[in-house]
Amino acid sequence: MFNIIIFGPPGAGKGTQAQKISESYDLMHLSTGALLRKEVANQTKIGIEVQAVMANGDLVSNNIVDEIIKNEINKNGQVAGFIFDGYPRTIQQAKQLDKLFTAENIPLVLNLEVSDEELINRLKLRSQESGRADDNDVTIANRLQVYTKQTQPLLNFYANKNRLISIDGQGSIEEIFKRLQKQIKNRQ
Ligand code: B4P
């Protein structure tokens, strides 16, 4: 089993690149953002609980996302591997995820590096058509702050475990995908 975490701030291109990696390497794409948006759209118990938090650009509680991920992994035990997109976002989530894998198939972390200016431009552009409750000026600023405070510390966590590879996340989608493929080939 081969597993990858695609990491980066909001708007770094995680969703975009995760989809391409999923198709090319036959890995199951697990996006916590997409899974949570589905709960909201279906107005499930979880969806009702998390919708205001998400619309505000804050993080949903660790217990909810940890449970969603654990269920998805258990449901899909036969796949060749997973690509985690938007998960983990806190140290607690990272520790929880590690418990689900053995040393041989512990996920590799591919970090997309993008300047704040470019992130804001991309998210503002997406806000014109996405219809996402969290794609607006105030919430975009909050999401970047939340990333810096709660998610960025994971870079050190993974660097200390020699699992972190940082990639230039600026350029065309195809250019970035080629950079990612090169790193995946080296580690597969
Ligand atoms: P996510 O859905 O993960 O949203 P995101 O961080 O904005 O990333 P996304 O994948 O959408 O953006 P991408 O970079 O692909 O999370 C949404 C919310 O869910 C969170 O704020 C939180 O409330 C909750 N949540 C999710 N996971 C959680 C967790 N683990 N714990 C707690 N809460 C959680 O794309 C951005 C834009 O850039 C797109 O329009 C794309 O087309 C464009 N783009 C991509 N690559 C480009 C390139 N190379 N050049 C130009 N544009 C590009």
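Student: Which side chain makes a polar contact of 2.8 Å with that of Asn62?

Tutor: The side chain of Thr90 does. A polar contact is a pair of N or O atoms within 3.5 Å; within protein, one must be able to donate a hydrogen and the other to accept it, and residues adjacent in sequence count only if both atoms are side-chain atoms. This is a predicted model: local features need pLDDT of at least 70, side-chain atom pairs count only at pLDDT 80 or more, and totals for chains, interfaces and linings use all residues. Residues are numbered from 1 along each chain as its sequence is written, and side-chain values use heavy atoms, with hydrogens and water left out.

Student: What joins the side chains of Asn62 and Gln93?

Tutor: A polar contact of 2.9 Å. If neighbours within four places in sequence are set aside, Asn62 is in contact (heavy atoms within 4.5 Å) with Thr90, Gln92 and Gln93.

Student: Where does Asn62 lie, and is Asn62 buried or exposed?

Tutor: Asn62 lies in helix α4, residues 62–75. Helices (H or I, at least four residues) and strands (E, at least two) are DSSP runs, numbered from the N terminus. Asn62 counts as buried because its relative accessibility is 18%. Buried means under 20% relative accessible area, exposed over 50%, and partly exposed in between (1.4 Å probe, protein chains only).

Student: Now the strands. Which residues of β3 are buried?

Tutor: Strand β3 covers residues 82–85, and both of its faces are covered. Phe82 and Phe84 are buried on one side, Ile83 and Asp85 on the other.

Student: How many bridges join β2 to β3?

Tutor: Four, and strand β2 (residues 28–31) runs parallel to β3. Two strands pair if DSSP finds at least two bridges between them. Ser31 stands opposite Asp85 in β3. β1 also pairs with β3 in the parallel sense, over three bridges, and Ile4 is opposite Ile83.

Student: What about the peptide bond from Tyr87 to Pro88?

Tutor: That bond is cis, with omega near 0°. Pro88 is in the loop between β3 and α5 (91–99).

Student: Next, the helices. Which residues of α9 are buried?

Tutor: Ile176, Phe177, Leu180 and Ile184. They line one face of α9, because seen down the axis they fall within an arc of 100°. The arc is that of the directions from the helix axis to the C-beta atoms. On the other side of α9, Lys178, Lys182, Lys185 and Asn186 are exposed.

Student: What covers the buried residues of α9?

Tutor: The cover includes β1, α1 (14–25), β4 (108–113) and β5 (164–168).

Student: And which residues of α7 are buried?

Tutor: Thr139, Ile140, Arg143, Leu144, Val146, Tyr147 and Thr151. They are on the same side of α7, because they cover an arc of only 160° around the axis. Asp137, Val138 and Lys149 are exposed on the face turned away from that buried side. The buried residues of α7 pack against β1 (4–7), α3 (45–56), α6 (116–130) and α8 (153–159).

Student: Changing topic: which residues touch the most other members of the largest nonpolar core?

Tutor: Leu36, Ile73, Phe84 and Leu97, in a core of 25 residues. A nonpolar core is a set of buried Ala, Val, Leu, Ile, Met, Phe, Trp, Tyr and Cys residues joined through side-chain atoms within 4.5 Å. Two or more residues come from each of β1, α2, α3, α4, β3, α5 and α8. α4 gives the most, with five residues.

Student: What is Leu36 in contact with, leaving aside its neighbours within four places in sequence?

Tutor: Val50, Met54, Val60, Ile64, Val65 and Ile68. Apart from this core lies another, of 23 residues, including Ala12, Leu123, Ile167 and Phe177.

Student: Last topic: what is phi of Gln43 near?

Tutor: Near 50°, a positive value in a residue other than glycine. Gln43 is in the loop between α2 (32–41) and α3, and counts as partly exposed at 40% relative accessibility. Asn162 also is not a glycine and has a positive phi, of about 60°.

Student: Where is Asn162 found?

Tutor: In the loop between α8 and β5. Asn162 is exposed, with a relative accessible area of 66%.
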